Amino acid sequence: MNPEYTQAIDFEQLRTLAREVAEKAYSPYSKVRVGAALLAEDGQVFTGCNVENASFGATLCAERTALGHAISAGQQQFTALAIWASPESLLMPCGICRQMLFEFSPELAIVIDSNGAGPKYTKLDELLPSGVKPSDLI
Ligand code: THU
């Protein structure tokens, strides 16, 4: 984390943004709505929802939609992520999303939420203890 980033993380706001963007989910197959709100080091928040496809494997998770938004806006350092999903139990981020986020911010603070459970607070390096790092390729 950049030491210049001193602002306290407003998890309440992030959780709200994740819940709101989940309403935009395109999930006619699973019917599961997921929203993600990713806080960049400069304070900007990037949101995303899950986008399913008739070719099921092409489905994009909410976390990767949010990450794509952020990267496209020039952000590559993140401090926190909120995830909200429609099932009553907590929907943990999938392995692909964990690895995608790990590339940029292995110490990302994460809150996972739903109407029936949570909020659960964790960190990316707890969910993915030995992720592949860019420096592993050198
Ligand atoms: N999903 C996400 O959006 N994020 C995750 O990390 C787990 C799964 C979505 C993909 C699919 O549209 C639905 O949830 C059911 O798996």
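Because the model is predicted, local features need pLDDT of at least 70 and side-chain atom pairs count only at pLDDT 80 or more, whereas totals for chains, interfaces and linings use all residues. Residues are numbered from 1 along each chain as its sequence is written, and side-chain values use heavy atoms, with hydrogens and water left out.

Around the ligand stand 13 residues, the closest being Asn50, Glu52, Ala62, Glu63 and Cys94; a residue is included if one of its heavy atoms lies within 4 Å of the molecule. By class, this shell comprises 8 nonpolar, 3 polar and 2 charged residues, where Ala, Val, Leu, Ile, Met, Phe, Trp, Tyr, Cys and Pro count as nonpolar, Asp, Glu, Lys and Arg as charged, and the others, Gly among them, as polar.

The side chain of Asn50 places an N or O atom 2.9 Å from a ligand oxygen, and that of Glu63 places one 2.8 Å from a ligand nitrogen. Cys94 contributes through its backbone, with an N or O atom 2.9 Å from an oxygen of the ligand. The protein buries 81% of the 370 Å² that the ligand exposes when taken alone, with accessible areas from the Shrake-Rupley method and a 1.4 Å probe.

Elsewhere, the whole structure holds 3 aromatic pairs, defined by ring centres within 6.5 Å. The rings of Phe11 and Tyr121 have centres 5.2 Å apart and planes at 90°, so this pair is edge-to-face, a label for planes over 60 degrees apart. Phe11 belongs to helix α1 (residues 11-22) and Tyr121 to strand β5 (residues 120-123), so the pair ties together parts 110 residues apart in sequence.

Two backbone features lie in loops. The peptide bond from Gly118 to Pro119 is cis, with omega near 5°, and Pro119 is in the loop between β4 (109-113) and β5. Lys31, although not a glycine, has a positive phi of about 65°.

Conventions. A polar contact is a pair of N or O atoms within 3.5 Å; within protein, one must be able to donate a hydrogen and the other to accept it, and residues adjacent in sequence count only if both atoms are side-chain atoms. Rings of Phe, Tyr and Trp (its six-membered ring) pair if their centres lie within 6.5 Å; planes under 30 degrees apart count as stacked, over 60 as edge-to-face and the rest as tilted. Helices (H or I, at least four residues) and strands (E, at least two) are DSSP runs, numbered from the N terminus.
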